[in-house]
Amino acid sequence: TETAKLTASDAAPSDFFGLSVAVSGETVLVGAYFDDHAGGSGAGSAYEFVEPPGGWVTMTETSKLTASDAAPSDFFGVSVALSGTTAVVGAYFEGQLSAIQTGSAYVFGLCLPAVTYCTAGTSASGCQAALSASGTASASAPSGFDLMAASVEGAKDGLFFFGANGRQANPWGNGSSYQCVVPPVKRTGILGGTGTNGQCDGSLSEDMNALWTAFPAKNPGSGATVQAQLWYRDPLNTSNQPTSLSDAIEFVTGP
């Protein structure tokens, strides 16, 4: 049975949205080759959809792709292809060098948003550490992508661990939290705890781009889908373990 319906936010008659469709991981790319926009009538578009953390729902696009040199009747979007963060869109009626209908294909690097998943453990003080990300993950940039953990048990040291082998949910201790990253994993260095002991005001962060620059063997490479999680020291936590885990976050590294 149908689980979701994807539509364009600017849908109009005769756009032919859905003539071409491509899927890669949690991303769907849909062509609408007769879409009208600033490029002209029938210039065409492609729409990107990223699956929400809770699964596919009826929704409009995450972003809209158009050609930089869009012109009427280019039919951009008549064909689409998608692999990881790379999208290719065909425009078979596009003209070049004063010739008409020679056709082109356009390549796009998609910036996919980080998504959280899995269940955080509950610390001895009732804290559930939650991950978020800021910036753009890059296999070559020297900085600019921060993993951040909030609501951490105060004054507890920890580290981020990460891998590129998919998601899991293996019980941690008695099963009140889970190890959410498929091994083998790599780790950051130990990060000093902040906040107040017994409170949920701790926070930890790491610039992953800077880490990968300093330690190339830990770099997952461009196009990798990476899962990450926080581990921190927490005696007497509810998993009956001397340590706790956050929820997990998944993101894709760009060039």
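I began with Leu147 and, setting aside its neighbours within four places in sequence, I found it in contact with Ser132, Ala133, Phe160, Leu204, Ser205, Glu206, Met208, Ala228, Ile249 and Phe251, where contact means heavy atoms within 4.5 Å. I note that this is a predicted model, in which local features need pLDDT of at least 70 and side-chain atom pairs count only at pLDDT 80 or more, while totals for chains, interfaces and linings use all residues. Residues are numbered from 1 along each chain as its sequence is written, and side-chain values use heavy atoms, with hydrogens and water left out.

I then looked up the largest nonpolar core, which has 21 residues, and Leu147, Phe160, Phe162, Met208, Trp212, Leu230 and Phe251 are the members that touch the most others. Such a core is a set of buried Ala, Val, Leu, Ile, Met, Phe, Trp, Tyr and Cys residues joined through side-chain atoms within 4.5 Å, buried being under 20% relative accessible area with a 1.4 Å probe, protein chains only. Strands E12 (145-152), E13 (158-163), E18 (225-233) and E19 (243-252), together with helix H1 (208-214), each give two or more residues to this core. I also found a second, separate core of 17 residues, with Ala22, Leu29, Ala67 and Val89 among them.

For the whole chain, I recorded 1 helix and 19 strands, taken as DSSP runs (helices H or I, at least four residues; strands E, at least two). Buried residues make up 42% of the 255 residues, and of the contacts with a separation of 6 or more, 59% come from residues 24 or more positions apart.

Conventions. Buried < 20%, exposed > 50% of the residue type's maximum accessible area, 1.4 Å probe, protein only.
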